[in-house]
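The following paragraphs lead the reader through the structure shown below. They begin with the contact between the chains and then turn to each chain in detail.

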Amino acid sequence: MSFARLWAVFRKEITDHLRDRRALFSMAFGIFVGPILIGVLLTQVAEDRARSESVDIPMAGQEHAPELVRWLNAQAGVTVSEAPEESETEIRDGSRNLAVIVSPEFNERFAKGRPAKVKLIFDGSDRKVGGQVSRIQRLLENYSSGIASLRLVARGVNPSLAAPLQVRRVEVSTAQRRAAKVLNFWPMLILLAGFVAGMGAAADATAGERERGSLEALLLNPTPIPWIVLGKWMATAALAVGGAWLSLSLCVAVLGQIPLHELGLRFRLESSQMLWAAALVVPPSLLAASMQMLLCSFSKTLKEAQSYLGLLILFPMAPGFAIEMFNLETGLTTAAVPFLGQTQLLQDLFAGEPMNQIEFGAAALGTLAAAAACVFLMTRLYRSERILFSR
Amino acid sequence: MIEAIELAKSFGPKRALDGLTFSARDGQVTGLLGPNGAGKTTALRMLYGVMQPDQGSVRVDGIDSSADRVAAQSRLGVLPDVHGLYPRLSAREHIDYFGRLHGMSAADLRRRRDELIELLDMHEIADRRTVGFSHGERIKTTLARALVHDPPNVLLDEPTNGLDVMSVRALREVIRRLRDEGRCVVFSSHVMQEVAALCDRIVIVVDGRVAADGTPQEIRTQTGCDDLEDSFVRLAGQAAEVA
């Protein structure tokens with residue numbers, strides 16, 4: 001008994017798979033399209049956000065409130081521009097979406113200590129306007145309360161009397177945790193890549209071999225059945241792991257390109273965390289290869305196999321949705337569930353938390369046990385002559 | 001030396017083999033002759049160990065194939081019913097793959113592969129992928145990979161099916177050569193002339209049983225026909241009447 005025959009099977013299978021251009025192309029497409037699409041979308045969001053940080057205030061009647069204009073222009077990211085007197089009608093017929101109009105008696109009322117009128121006119125049906133309006137409103141309120149304090153001080157009153165409440169917003173989540181919230185779907189994409197990468201190979205090595213009739217010629221060789229099954233499995237598994245790693249590096253590369261700081265987010269995987277992530281995606285990729293091959297072993301044609309494979313895609317996707325939708329309480333027990341465990345641990349890792357090594361072990365063991373069971377069942381199947389001659 | 005002892009196999013209600021017994025000796029070509037559906041392919045599949053008989057046993061050079069499948073298979077070279085080539089591998093890679101599955105050393109494999117490429121005149125196709133191969137080129141590739149480990153026993157399931165006259169002649173030469181090297185060659189066919197031209201011994205299989213077994217001369221005497229084809233037709237007809 002030597003490993004030479006096992007190696008021979010592996011070598012032949014991997015050569016065969018790597019020459020299957022069509023399968024490789026669809027695999028590459030499956031791996032690349034998700035991260036790139038999401039990268040483009042997130043970049044778009046980040047840029048929109050950056051644009052809304054700086055605000056341009058179209059203002060009519062600036063000459064009535066020169067102090068206010070000066071104050072606004074002095075605020076970070078704020079510019080005041082000229083707007084026509086008839087802005088309101090323009091907004092009503094949709095050619096303009098936002099304007100501030102200073103009433104002509106602003107200065108007079110201001111000087112008398114009566115509320116000076118400023119109109120903030122906008123069309124709220126335009127999604128982009130909402131952020132600007134609340135920003136402008138906040139600026140005007142700040143100016144107003146600043147003036148109020150000054151007036152109270154001038155009359156010898158403590159301005160804090162006029163502020164019974166002091167509201168301070170405290171955001172406790174770290175920037176990286178918020179990033180992970182946005183990026184919670186990445187683990188799913190990476191696990192999915194492990195599925196997509198081995199799919200063609202799994203079908204070709206099992207159902208394809210039956211369809212071509214080459215299985216009989218293969219099984220009449222004096223090579224123990226477990227060696228043949230294991231060799232085939234290793235080749236598919238290698239592609240699956242390769243795919244998952246490719247997706248992981250792609251994801252980190254794409255995240256590096258997105259101006260996440262514009263979103264107030266921070267994302268960085270230390271190289272040690274990269275290694276954890278790389279190790280984490282190996283067992284689910286192995287399981288993906290095992291499940292796919294076992295299922296395809298029951299099919300007599302490639303077409304039949306491919307129709308089954310579509311259903312398996314649910315396995316890597318379900319955990320991500322379950323965690324989000326049911327607010328699943330994750331811990332050691334969920335870690336041991338294949339795919340769920342890895343999704344959970346990858347999410348934690350991306351949230352900047354250190355790897356929980358016990359949960360890592362539980363996830364690896366649970367998943368590898370399932371993979372081994374599939375390979376064992378497959379060996380049983382190939383020992384039976386039904387695999388060759390069933391009708 | 002290959003022995004089939006009382007082989008029986010049913011597929012559902014259909015009895016494919018019904019106590020088939022024969023032996024094939026070294027240095028001889030033994031022909032399994034029978035009409036389509038007589039059980040030739042089923043019998044061969046049991047001889048090369050991919051199908052288990054319901055009853056009976058197979059011995060390859062004295063090794064019981066159900067007790068030690070791997071040992072029995074390593075003494076066999078097989079051209080199966082369906083060739084099953086890998087479209088993305090070249091002819092040479094097919095030969096190498098099977099050599100490695102037999103556990104051959106790299107040096108032995110290289111020597112033997114070159115010999116076979118020479119013997120079967122495969123120089124032009126050796127490095128082409130098999131996807132566009134003609135029928136003859138497929139048979140050559142399948143035969144080369146079957147013979148790569150220099151097997152003492154060779155099983156050929158209808159090897160001449162669909163070949164043109166020139167290729168059939170070349171194949172006959174190869175089969176004679178294998179016999180002259182002292183190997184035990186078994187081949188199945190439903191074509192009388194094929195068997196008559198090549199075989200030292202003929203086993204006529206009808207309905208999963210041996211209807212006649214002996215040298216071409218013995219079979220003619222046994223049935224009282226001068227012509228082998230008449231003998232064959234008579235034996236097949238008798239079996240049909242009995243059933």
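In this predicted model, chain B places 23 of its residues in contact with 23 residues of chain A. On the side of chain B that touches chain A, helix 2 (69–73) and helix 3 (91–101) of chain B each supply at least two residues. Helix 3 of chain B gives the most to that side, with 4 residues.

Within chain B, strand 7 (residues 153–157) is mostly covered, since 5 of its 5 residues are buried. Strand pairing in a sheet takes place through backbone hydrogen bonds and is either parallel or antiparallel. Strand 7 of chain B pairs with strand 6 (residues 76–79) of chain B in the parallel sense, over 4 bridges, and B:G77 is found opposite B:V154 of strand 7. Strand 7 of chain B also runs parallel to strand 8 (residues 184–189) of chain B, to which 5 bridges join it. Here B:L156 stands opposite B:F187 of strand 8. Together with helix 6 (residues 165–180) of chain B, strands 7 and 8 of chain B make a β-α-β unit that is right-handed.

Helix 1 (residues 40–47) of chain B has 8 of its 8 residues buried, so this helix is largely enclosed by the rest of the structure. The buried residues of helix 1 of chain B include B:K40 and B:R45 as well as B:A43, B:L44 and B:L47. After helix 1 of chain B comes B:G49, with a positive phi near 80 degrees.

The largest nonpolar core has 140 residues, and those touching the most other members are A:I190, A:A240, B:A43, B:L47, B:L155, B:I204 and B:V205. Leaving aside residues up to four places away in sequence, A:I190 touches A:A244, A:S247, A:L248, A:C251, A:V281 and A:L346. There is also a second, separate core of 14 residues, with A:L68, A:I91, A:V102 and A:I136 among them.

Chain A contains an open sheet of 4 strands in the order 2-1-3-4, with mixed pairing. Strand 2 (78–82) and strand 4 (118–122) of chain A stand at the edges with a single partner strand each, so one side of each has no neighbour in the sheet. From one strand to the next, the twist averages 30 degrees. Strand 3 (residues 98–102) of chain A pairs with strand 4 of chain A in the antiparallel sense over 5 bridges, and A:I121 in strand 4 is the bridge partner of A:A99. Helix 3 (residues 66–74) of chain A packs on this sheet, where it touches strand 1 (55–60) and strand 2 of chain A; the direction of helix 3 makes about 135 degrees with that of strand 2. Helix 6 (residues 127–154) of chain A lies across strands 1, 2, 3 and 4 of chain A and runs at about 170 degrees to strand 4.

A further contact in chain A involves two helices. The axes of helix 11 (residues 271–280) and helix 16 (residues 340–350) of chain A come within 11 Å and cross at roughly 170 degrees. Because of that angle, helix 11 of chain A is roughly antiparallel to helix 16 of chain A. In this pair, A:Q273, A:W276, A:A277 and A:L280 of helix 11 meet A:Q342, A:L345, A:L346 and A:L349 of helix 16.

Notes: Residues numbered from 1 in each chain as written. Chains lettered and ligands numbered in written order. Predicted model: local features only at pLDDT ≥ 70, side-chain atom pairs only at ≥ 80, totals over all residues. Buried ≥ 20, exposed ≤ 12 C-beta atoms within 10 Å, placed from the backbone. Pairing = 2+ DSSP bridges. Right-handed = clockwise from strand over helix to strand, strands pointing away. Axes fitted to C-alpha atoms, helices over the stretch in contact; angles between N-to-C directions. Contact = placed C-beta atoms within 7 Å. Core = buried A, V, L, I, M, F, W, Y, C linked by C-beta atoms within 7 Å. Parallel < 35°, antiparallel > 145°, perpendicular 65-115°, else oblique.
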